[in-house]
Amino acid sequence: MIRPMEEYKKKLARLLAETGALFFDDGLVLKDGRPTPYFVNMGMFRTGRLSLELGSYFADMMVEQGLAEKVDIILGPSYKGSALALATAIALYERHGHDLFFDYDRKEVKAHGEASKKGSLLVNRSLFDGCRVFVVDDVATSMRTKYDLLETLAREADALGIEVTVVGIGIAVDREQTTAVYDETGKVVLDRKGTNAILEFVQRTGIPVHSVAGIRELVRYIDEERIPILVKGKYAPLDETTRARFEAYLDTYGSTP
């Protein structure tokens, strides 16, 4: 039985379609080398309104799942996660009255100004002993960025002599797919499922991963409501061929629903 879709998920689905952040086309290739019938580009949330809207979906998800009261700092990995952390912190305060710190990492240690005596890889230097951190990011495929951020946090905590707990990872859209499989030459093997990267991450780290929405429910809602979406450069409701390609893709590379 499919549970009723939360309102913030419906709003996200509509905005993904409206902005072209979710689109379908031929010839799309993921970073890992696999072909894909669709792509999610959260960089299309590039105005103040859209940024705040996206932050509100994270905020609503955190409150609905009881996370807001368990978090002190919203942390976003550079670069797209940086804006997400700020937008989520603002939305949590404006919509729900939770005034939390936000922070994001930098690519190299700052060693001047306020960081002259002790460099830091976190821009706002918001960590404190016993703090609870919630990481936000746009999508997740291999979870490599999240592993790297955990290593950064561990180094920062060790340098400061404090305890830091990551209570969860939040992603805007779960692609609900397995990782790529490569042959001995490093070439991607098509039509082969890898492992469930998110499940592996949870098992390895003990840190839960929360998504604002999964790609299956987003596309299902867009299709059922006949919402125009960008397909091969033109806005139109999903056609049967595009829907079939999407379903076949998840049959081939998708994780278990």
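**Exercise 1. How many of the ten residues of helix H6 (residues 215–224) are buried?**

Before we start: this is a predicted model, where local features need pLDDT of at least 70, side-chain atom pairs count only at pLDDT 80 or more, and totals for chains, interfaces and linings use all residues. Residues are numbered from 1 along each chain as its sequence is written, and side-chain values use heavy atoms, with hydrogens and water left out.

*Solution.* 
- Step 1: Helices (H or I, at least four residues) and strands (E, at least two) are DSSP runs numbered from the N terminus. Buried means under 20% relative accessible area, exposed over 50%, and partly exposed in between (1.4 Å probe, protein chains only).
- Step 2: count. Eight of the ten residues in H6 are buried, so the helix is mostly covered.
- Step 3: Arg-226 sits in the loop between H6 and E11, and its phi is near 55 degrees, a positive value in a residue other than glycine. At 42% relative accessibility, Arg-226 counts as partly exposed.

**Exercise 2. Classify the ring pair of Phe-24 and Phe-246, then that of Tyr-249 and Tyr-253.**

*Solution.* 
- Step 1: the rule. Rings of Phe, Tyr and Trp (its six-membered ring) pair if their centres lie within 6.5 Å; planes under 30 degrees apart are stacked, over 60 edge-to-face, and the rest tilted. The whole structure has eight such aromatic pairs.
- Step 2: Phe-24 and Phe-246 come out edge-to-face, at 6.2 Å centre to centre with 75 degrees between the planes. This pair links distant parts of the chain, with Phe-24 in strand E1 (residues 22–29) and Phe-246 in helix H7 (residues 240–253), 222 residues apart. Phe-24 is buried at 2% relative accessible area, and Phe-246 is buried too, at 5%.
- Step 3: Tyr-249 and Tyr-253 have ring centres 5.4 Å apart and planes at 55 degrees, so this pair is tilted. Both lie in helix H7, four residues apart, about one turn of the helix, and both are buried.
- Step 4: Phe-24, Tyr-38, Phe-246, Tyr-249 and Tyr-253 make up one aromatic cluster.

**Exercise 3. Work out the surroundings of Glu-176.**

*Solution.* 
- Step 1: Glu-176 is in the loop between strand E7 (164–174) and strand E8 (181–182).
- Step 2: check the cover. Its relative accessible area is 14%, so Glu-176 is buried.
- Step 3: list contacts (heavy atoms within 4.5 Å). Leaving aside neighbours within four places in sequence, Glu-176 touches Gly-214, Ile-215, Arg-216, Leu-250, Gly-254 and Ser-255.

**Exercise 4. Decide which part of the chain to read with caution.**

*Solution.* 
- Step 1: pLDDT is the predictor's confidence in each residue, from 0 to 100. The chain averages 91, and 93% of its residues reach 70 or more.
- Step 2: compare elements. Strand E4 (residues 101–110) has the lowest mean pLDDT (77), while strand E11 (residues 229–231) has the highest (98).
- Step 3: over residues 110–117 the pLDDT is below 50, and beyond near neighbours in sequence this stretch has six contacts in the model.
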